[in-house]
Amino acid sequence: MNIKGSLPLLILHVLSSQPHHGYEIAKQINLQSGGLLDFRGGTLYPTLHTLEQEGLIESYTQEENGRLRRYYQLREAGRTALLHEREEWSGFVRAVNQILEGGASI
């Protein structure tokens, strides 16, 4: 399951603890969601590039086991965006739950 618009929020959250390379980010999202969320490279890397272009994350290369890997880390603007995105997501979840629980009617 991949809910549209959730990937940037999830990436920022994963990077809030420490830098990770792309595969680690996808793996963390999958693990922490109990396997329900599975973002592939074709979705993950364009989102990482967009977040970097927006100045929310930055990347650097580092050698690991004899090969270069691109790591991503959160910038201060990314921390601010993460707080904002969490608030928006919480509001979205509350609204959907209210509808599903019959609290709102048309």
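Leaving aside its neighbours within four places in sequence, with which residues is His21 in contact? In this predicted model, His21 touches Glu64, Arg69, Arg70 and Tyr71, where contact means heavy atoms within 4.5 Å. The residue lies in strand β1 (residues 20-21). At 4% relative accessibility, His21 counts as buried; the cut-offs are under 20% relative accessible area for buried, over 50% for exposed, and partly exposed in between, with a 1.4 Å probe and protein chains only. Between His21 and Tyr45, which are 24 residues apart in sequence, the C-alpha to C-alpha distance is 10 Å.

Local features need pLDDT of at least 70 and side-chain atom pairs count only at pLDDT 80 or more, while totals for chains, interfaces and linings use all residues. Residues are numbered from 1 along each chain as its sequence is written, and side-chain values use heavy atoms, with hydrogens and water left out.

Turning to the overall layout, the protein has 4 helices and 3 strands, in the order α-β-α-α-β-β-α along the sequence. Helices (H or I, at least four residues) and strands (E, at least two) are DSSP runs, numbered from the N terminus. The C-alpha trace spans about 60 × 30 × 20 Å along its principal axes. Of the 106 residues, 28% count as buried. Among contacts with a separation of 6 or more, 52% are made by residues 24 or more positions apart.

Helix α1 (residues 6-15) comes next. Here 7 of the 10 residues are buried, so α1 is largely enclosed by the rest of the structure. The buried residues of α1 are Ser6, Leu7, Leu9, Ile11, Leu12, Val14 and Leu15. Their cover includes β1, α2, α3, β2, β3 and α4 (76-100).

How do the axes of α1 and α2 pack, and at what angle? The two helices meet at about 100°, and their axes are 10 Å apart, which makes α1 roughly perpendicular to α2. Axes are lines fitted to C-alpha atoms, for helices over the stretch in contact, and angles run from 0 to 180 degrees between N-to-C directions. Angles of 65 to 115 degrees count as roughly perpendicular, under 35 as roughly parallel, over 145 as roughly antiparallel, and the rest as oblique. On the α1 side, Leu7, Leu10, Ile11, His13, Val14 and Leu15 meet Ile25, Gln28, Ile29 and Gln32 of α2. This contact comprises 7 nonpolar, 3 polar and no charged residues. In this classification Ala, Val, Leu, Ile, Met, Phe, Trp, Tyr, Cys and Pro are nonpolar, Asp, Glu, Lys and Arg are charged, and the others, Gly among them, are polar.

The packing of α1 with α3 has an angle of about 70°, with the axes 10 Å apart. These helices are therefore roughly perpendicular to each other. Leu7, Pro8, Ile11 and Leu12 from α1 meet Thr43, Leu44, Thr47, Leu48 and Leu51 from α3. By class, the residues in this contact are 7 nonpolar, 2 polar and no charged.

Rolling a probe the size of a water molecule over the atoms shows where empty space is left. On a 1 Å grid over the protein atoms alone, a pocket is an open set of points where a 1.4 Å probe fits, with protein on both sides within 12 Å along at least five of seven lines, and lining residues have an atom within 4 Å of a point. The second largest pocket holds about 160 Å³, a volume being the space filled by probe spheres set on the grid points, which are joined across faces, edges and corners. Its lining consists of Gly22, Tyr23, Ala26, Lys27, Asn30, Asp38, Phe39, Arg40, Gly41, Leu44 and Tyr45. Both α2 (22-32) and α3 (41-53) supply at least two of the lining residues, and the largest share, 5 residues, comes from α2. The lining divides into 5 nonpolar, 3 polar and 3 charged residues.

Most residues other than glycine have a negative phi. For Asn65, however, phi is positive, near 55°. Asn65 is found in the loop between β2 (57-64) and β3 (67-74), and at 77% relative accessibility Asn65 counts as exposed.
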